[in-house]
Amino acid sequence: MLIRRITKHLEDQNWFAVALDMLVVIFGVYLGFQLNDWNENRKSIEKGESYLQRIAGELEQNIRFFDNVISMNERNFENGQFLLNTIENKELVNEDPTRFITSLAFVGSSLVVNVSNNTIEEIEFSGNLELIKDEELRNEIVDYYDFIEVSENFSHTRIDAEIEYQKRTAGLLGPKYSELGRNLSYTKEEALPIYNQFVKKQDLIEWIPITMASKRGTIGFSKRSRQNAKELIAKIRGEEIPEEEEEAQ
């Protein structure tokens with residue numbers, strides 16, 4: 001229709017009408033490009049927001065994992081101190097033989113969180129990081145996962161301490177005393193022979209504080225990561241930034 005009209009105007013040499021028709025064509029093309037750009041921009045914003053909500057969901061999951069890991073590692077740290085206290089106070093073993101045996105079995109191990117980072121890996125792999133429009137928030141998200149990755153690269157220190165602890169407890173506990181995930185209890189008749197061997201293993205006693213120091217580092221990393229995750233969630237959702245938890249003295 002428009003082409004036919006332009007052709008007629010050309011035949012009539014109606015240059016004003018031809019110019020007007022051309023302006024209509026140009027404006028229509030321009031408007032089409034603008035609408036397409038607007039639509040693509042809207043899709044980018046929606047995808048960026050979807051990424052942020054997925055990241056927030058993964059951070060919430062990580063926080064729950066950190067809560068459990070911190071609780072269990074703090075309990076193990078306390079049990080390490082309990083073992084050291086029994087050296088000067090044998091009565092502690094008589095009062096709680098189960099704690100003595102389980103502490104000896106598990107003080108040398110730490111739980112860690114395998115942080116969920118599927119979304120940020122997908123974003124970086126696809127080159128879509130710029131879809132998170134808030135540059136400050138985008139950088140903080142990247143920094144969070146970089147902090148996790150760098151810290152995990154130094155996990156060999158914790159692993160070395162735990163392996164050495166296991167070596168130094170060799171021969172103290174048989175298989176029946178090192179079963180995970182079971183609600184077991186022991187008598188003082190079972191604990192005291194082990195205790196008598198324990199107090200003679202000076203190399204093990206000297207290694208317990210080193211193991212505890214490693215565990216304190218793991219706890220500190222978990223708490224810092226948990227707080228960072230809470231702050232990121234608040235920023236993603238436009239909520240008030242939670243105050244950092246004070247360390248127990």
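## Overall make-up

The protein has nine helices and zero strands, where a helix is a DSSP run of H or I with at least four residues and a strand a run of E with at least two, numbered from the N terminus. Read from the N terminus on, the elements run α-α-α-α-α-α-α-α-α. Of the 249 residues in the protein, 35% are buried; buried means under 20% relative accessible area, exposed over 50% and partly exposed in between, with a 1.4 Å probe and protein chains only.

This is a predicted model, in which local features need pLDDT of at least 70 and side-chain atom pairs count only at pLDDT 80 or more, while totals for chains, interfaces and linings use all residues. Residues are numbered from 1 along each chain as its sequence is written, and side-chain values use heavy atoms, with hydrogens and water left out.

## Helix 6

Helix 6 covers residues 135-153, which is 19 residues. From its first C-alpha to its last it reaches 27 Å, close to the 27 Å expected at 1.5 Å a residue; the expected span is 1.5 Å times one less than the number of residues.

Which residues of helix 6 are buried? They are L137, R138, I141, V142, Y144, Y145 and I148. These residues lie on the same side of helix 6 because they cover an arc of only 145 degrees around the axis, taken from the directions from the helix axis to the C-beta atoms. An α-helix has 3.6 residues a turn, so residues three or four places apart point the same way. On the other side of helix 6, E135, E136 and N153 are exposed.

## Packing against helix 9

Helix 6 and helix 9 pack at about 165 degrees with their axes 11 Å apart. Helix 6 is therefore roughly antiparallel to helix 9 (angles under 35 degrees count as roughly parallel, over 145 as roughly antiparallel, 65 to 115 as roughly perpendicular and the rest as oblique). Axes are lines fitted to C-alpha atoms, for helices over the stretch in contact, and angles run from 0 to 180 degrees between N-to-C directions.

Helix 7 (residues 156-168) and helix 9 (residues 202-237) have axes that come within 9 Å and cross at roughly 155 degrees, so these two helices are also roughly antiparallel to each other.
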